[in-house]
There are 4 protein chains.
Amino acid sequence: MPNTIDTTFHVRYAETDQMGVVHHAAYIVWLEEGRSAWMRANGTSYADFEKDGFVLAVSEVNIRYRQAAFYDQRVTIRCWMEEVRSRQVTFCYNVIDTESDAVLAQAFTKLICLNLKKQVSPIPQKWRQLLSQQ
Amino acid sequence: MPNTIDTTFHVRYAETDQMGVVHHAAYIVWLEEGRSAWMRANGTSYADFEKDGFVLAVSEVNIRYRQAAFYDQRVTIRCWMEEVRSRQVTFCYNVIDTESDAVLAQAFTKLICLNLKKQVSPIPQKWRQLLSQQ
Amino acid sequence: MPNTIDTTFHVRYAETDQMGVVHHAAYIVWLEEGRSAWMRANGTSYADFEKDGFVLAVSEVNIRYRQAAFYDQRVTIRCWMEEVRSRQVTFCYNVIDTESDAVLAQAFTKLICLNLKKQVSPIPQKWRQLLSQQ
Amino acid sequence: MPNTIDTTFHVRYAETDQMGVVHHAAYIVWLEEGRSAWMRANGTSYADFEKDGFVLAVSEVNIRYRQAAFYDQRVTIRCWMEEVRSRQVTFCYNVIDTESDAVLAQAFTKLICLNLKKQVSPIPQKWRQLLSQQ
């Protein structure tokens, strides 16, 4: 399976702020949508991870903004798995202007595996394989 | 207990859009916060309603926008219970500029009671009393 | 040109709430994205409307929720122009489960035309034609 | 003037997600509200900064999540200015459970000064003094 998955969509009006550009918090939601698409591209869904009784809770976000994004622009979230550890995974991202391929932002997120009691837990073996198979 | 409860806060920057005013969807979140404050003012919390195994799901929203709201402005959500029925409640709202008391928007929301299986259910007697005691 | 335009996307995780379903305010953002797609399908962009010095400000939203929507579900916003008046347009919407075609919500929004001074203004002739040509 | 400013509010229902806790992107909006309150506590408003023809655009966000936050919980954003440079400021934050004073998240944001043409620009002298006077 390819490790790097692109997801493309139009910027929504609600994602802009009075600076006339996309609000910085909207990118955090886009990163998550990039992860969702990454899971779908690997033949599964993060929804199934939760159905198995686990969650991947975000433990750290780092994002650097390079250029502004604008309403109606097509943006691409380029997402790849950087590291799979026993209880934690790290995804990396480039947020890209679809037309020019210019990088608008670069980010990583760390997520830890929690069980139903919200305790830190090893990622189930089946999922660890799926997440690291690329 | 008074039926009409005011909640006041500053407009957040993230709630604006590129028109330079508050995005219309942000008001919907404000109405909900008005309902939350209404519950707190009645000595309880909507969180307790969910702990009892029920949810109040929004079944209809109607909102008319009169004037724009701006970043950093203080706004007040004036919320009152309009009607309590067996399985449904209706809240009404005025969104107000705190300083001038001008009405920025008027709204109502209908909410239906669902049980844990997400089936429409009568509002539990204890809660029906609390909701209609004003 | 067809008047009814469908826009399809996956529900984002951030759009859910602790009821386990999509938060009702997220639909309001979806309606707007439906309008954006409607404009794009007509060969233009709402961004160009603003570049011409006008905005379409939402003056009323009404939405009735029929069924819940869930994370990762594919939803379709079916949007059509209901009425074009001198200073106001009305869009109607069905929010649909893409797979089953079940209607999740029905809505309309009224939008009024404002000029750069934020005064109510007739919709420019060029735009009125475009909006009513279907 | 004190450099560290606390802002306290209730968690909104819309800020939760289907994990039953506050969605990680909501914290980013809270940090911004902490900055807004910091400006207000210093006798001004970020709105005035924009009226003077400049914006502070977020160039980097880093946040580490320690504990979950829940609907209706009172949270406090503890915000302080970490560094004022010619064209950039760095704010730091603790997100705190108001009742127990437990730290829920730790963050910093870097913001760069842009002029009306969206070019990187020195922070105006008047504002640089205000931002660094603590």
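The model is a predicted one, in which local features need pLDDT of at least 70 and side-chain atom pairs count only at pLDDT 80 or more, while totals for chains, interfaces and linings use all residues, and side-chain values use heavy atoms, with hydrogens and water left out. Residues are numbered from 1 along each chain as its sequence is written, and chains are lettered from A in the order in which they are written.

**Chains B and C: the contact**

- In the pairing of these two chains, 23 residues of chain B are in contact with 24 residues of chain C, where contact means heavy atoms within 4.5 Å.
- Chain B and chain C bury about 2,000 Å² between them, and carbon and sulfur atoms give 53% of that area; buried area is the accessible area (1.4 Å probe) that two parts lose on being put together, summed over both.
- Two salt bridges are found across the interface of chain B and chain C, a salt bridge being a side-chain nitrogen of Lys or Arg within 4 Å of a carboxyl oxygen of Asp or Glu.
- B:Arg64 and C:Glu60 meet through their side chains in a salt bridge, at 3.6 Å from N to O, and B:Arg64 also stands opposite C:Glu60 in strand 2 of chain C.

**Chains B and C: the elements involved**

- Helix 1 (24–41), helix 2 (46–51) and strand 2 (54–65) of chain B each give at least two residues to the side of chain B that touches chain C; helices (H or I, at least four residues) and strands (E, at least two) are DSSP runs, numbered from the N terminus.
- Strand 2 of chain B supplies the largest share of that side, 11 residues.
- By class, the side of chain B that touches chain C holds 12 nonpolar, five polar and six charged residues, where Ala, Val, Leu, Ile, Met, Phe, Trp, Tyr, Cys and Pro count as nonpolar, Asp, Glu, Lys and Arg as charged, and the others, Gly among them, as polar.
- Strand 2 of chain B pairs with strand 2 (residues 55–65) of chain C in the antiparallel sense over five bridges, and two strands pair if DSSP finds at least two bridges between them.

**Chains A and D: the contact**

- Here 24 residues of chain A are in contact with 24 residues of chain D, and the two chains bury about 2,000 Å² between them, 52% of it on carbon and sulfur atoms.
- A:Glu60 forms a salt bridge with D:Arg64, with the closest N and O atoms 3.6 Å apart, and A:Glu60 stands opposite D:Arg64 in strand 2 of chain D.
- Strand 2 of chain A and strand 2 (residues 54–65) of chain D pair in the antiparallel sense over five bridges.

**Symmetry of the two pairs**

- A rotation of 180° with 0.0 Å of shift along its axis superposes chain A on chain D with an RMSD of 0.0 Å, which is the relation of a two-fold axis; copies are superposed by least squares on the C-alpha atoms of residues with pLDDT of at least 70 in both.
- A:Asn62 comes closest to the rotation axis of the residues of chain A, at 2.2 Å (C-alpha).
- Chain B can be laid on chain C by a turn of 180° and a shift of 0.0 Å along the axis, with an RMSD of 0.0 Å, and of the residues of chain B, B:Asn62 comes closest to the rotation axis, at 2.2 Å (C-alpha).
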